[in-house]
Amino acid sequence: MKLFLTVTILALAVTGSALADAAAGKAVYTANCEKCHGADGAGKAVIAKMLNVTMKPLASAEVKALSDATMTKDITTGVGKMKPVKLTDAQVKDVIAYVRSLK
Ligand code: HEC
């Protein structure tokens, strides 16, 4: 029984990492998000000023509290002053994993 559980947990861990890859997400982030959100996710003052909006730091507890479903929706359909970003489903998963790794 213990062995079965261990194998199941390992299998889940492997599947999970195949689904979302924070390292691949970093490349997606650099190419598609960094110009507005900055390398550390703090948000670029010039963009916030131009759009007249307060950008929540992506590493903040508030953004971390967003579900994957909400973040996916924000990225693919836009949120507030942020326009939708065109990405594949895999890229969205990866970039969310990367955003969640920001400190
Ligand atoms: C053209 C600039 C721009 C780009 C590119 C951009 N964002 Fe944003 N993003 C914004 C702005 C501005 C906001 C704040 C929106 C508001 O509150 O009106 C925002 C908000 C967010 C939020 C917070 C949503 C919330 O509920 O408060 C997340 C998460 C986010 N962006 C992720 C991303 C990711 C991931 C990418 C790249 C795939 C990305 N953004 C690309 C400008 C941008």
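Is Asn52 buried or exposed, and how many other C-beta atoms lie within 10 Å? Asn52 is exposed, with 7 such atoms. That residue returns in one of the close-ups below, which all show a predicted model.

Figure 1. Welcome to the overview, before we zoom in. Of the 103 residues, 17% are buried. If you take the contacts between residues at least 6 apart in sequence, 59% of them join residues at least 24 apart.

**Figure 2. A shell of 23 residues surrounds the ligand.** The closest members of this shell are Cys33, Cys36, Gly80, Lys81 and Met82. Four helices each supply at least two residues of the shell: α3 (34-37), α4 (45-51), α6 (68-77) and α7 (89-101). Sorted by class, the shell has 16 nonpolar residues, along with three polar and four charged ones.

**Figure 3. Met82 is among the residues closest to the ligand.** You will find Met82 in the loop between α6 and α7. Is Met82 buried, exposed or partly exposed? Met82 counts as partly exposed because it has 17 C-beta neighbours inside 10 Å. Leu51 is 31 residues away along the chain, and the C-alpha atoms of Met82 and Leu51 are separated by 8.9 Å.

**Figure 4. Helix α2 packs against helix α7.** Two packed helices are described by the angle between their axes and the distance between the axes. Here α2 (residues 22-32) and α7 meet at an angle of about 95°, and their axes are 7 Å apart. The two helices are therefore roughly perpendicular to each other. On the α2 side, the contact is made by Ala22, Ala24, Gly25, Lys26, Val28 and Tyr29. On the α7 side, the contact is made by Gln91, Asp94, Val95, Ala97, Tyr98 and Ser101. By class, this contact of α2 with α7 comprises seven nonpolar, three polar and two charged residues.

**Figure 5. Val28 is a buried residue of helix α2.** Now let us look at one residue from the α2 side. Val28 counts as buried because 25 C-beta neighbours sit inside 10 Å. Which residues does Val28 contact, leaving aside its neighbours within four places in sequence? They are Leu87, Gln91, Asp94 and Val95. With Asp94, the separation is 66 residues in sequence and 7.7 Å in space, C-alpha to C-alpha.

**Figure 6. Helix α7 has 13 residues.** From its first C-alpha to its last, α7 reaches 19 Å, close to the 18 Å expected at 1.5 Å a residue. Which residues of α7 are buried? They are Val92, Lys93, Asp94, Val95, Ile96, Ala97, Tyr98 and Val99. Among them, Asp94, Val95, Ala97 and Tyr98 also take part in the contact with α2.

**Figure 7. Ser101 belongs to helix α7.** Ser101 counts as partly exposed, because the number of its C-beta neighbours inside 10 Å is 14. How far apart in space are Ser101 and Gly25, C-alpha to C-alpha? The distance is 10.0 Å, while 76 residues separate Ser101 and Gly25 in sequence. Both residues are part of the contact between α2 and α7.

**Figure 8. Ala59 lies in the loop between α4 and α5.** With 15 other C-beta atoms within 10 Å, Ala59 is partly exposed. Setting aside neighbours within four places in sequence, Ala59 is in contact with Asp40, Gly41, Leu102 and Lys103. The C-alpha atoms of Ala59 and Ser101 are separated by 7.9 Å, and these two residues are 42 apart along the chain.

**Figure 9. Asn52 has a positive phi.** This last view goes back to the residue of the opening question. Asn52 has its place in the loop between α4 and α5 (61-64). Its phi is near 55°, a positive value in a residue other than glycine. Asn52 is exposed because 7 other C-beta atoms lie within 10 Å, and a residue with 12 or fewer counts as exposed.

Technical notes: Residues numbered from 1 in each chain as written. Predicted model: local features only at pLDDT ≥ 70, side-chain atom pairs only at ≥ 80, totals over all residues. Near = placed C-beta within 6 Å. Nonpolar A, V, L, I, M, F, W, Y, C, P; charged D, E, K, R; others polar. Axes fitted to C-alpha atoms, helices over the stretch in contact; angles between N-to-C directions. Parallel < 35°, antiparallel > 145°, perpendicular 65-115°, else oblique. Contact = placed C-beta atoms within 7 Å. Buried ≥ 20, exposed ≤ 12 C-beta atoms within 10 Å, placed from the backbone. Expected span 1.5 Å × (residues − 1).
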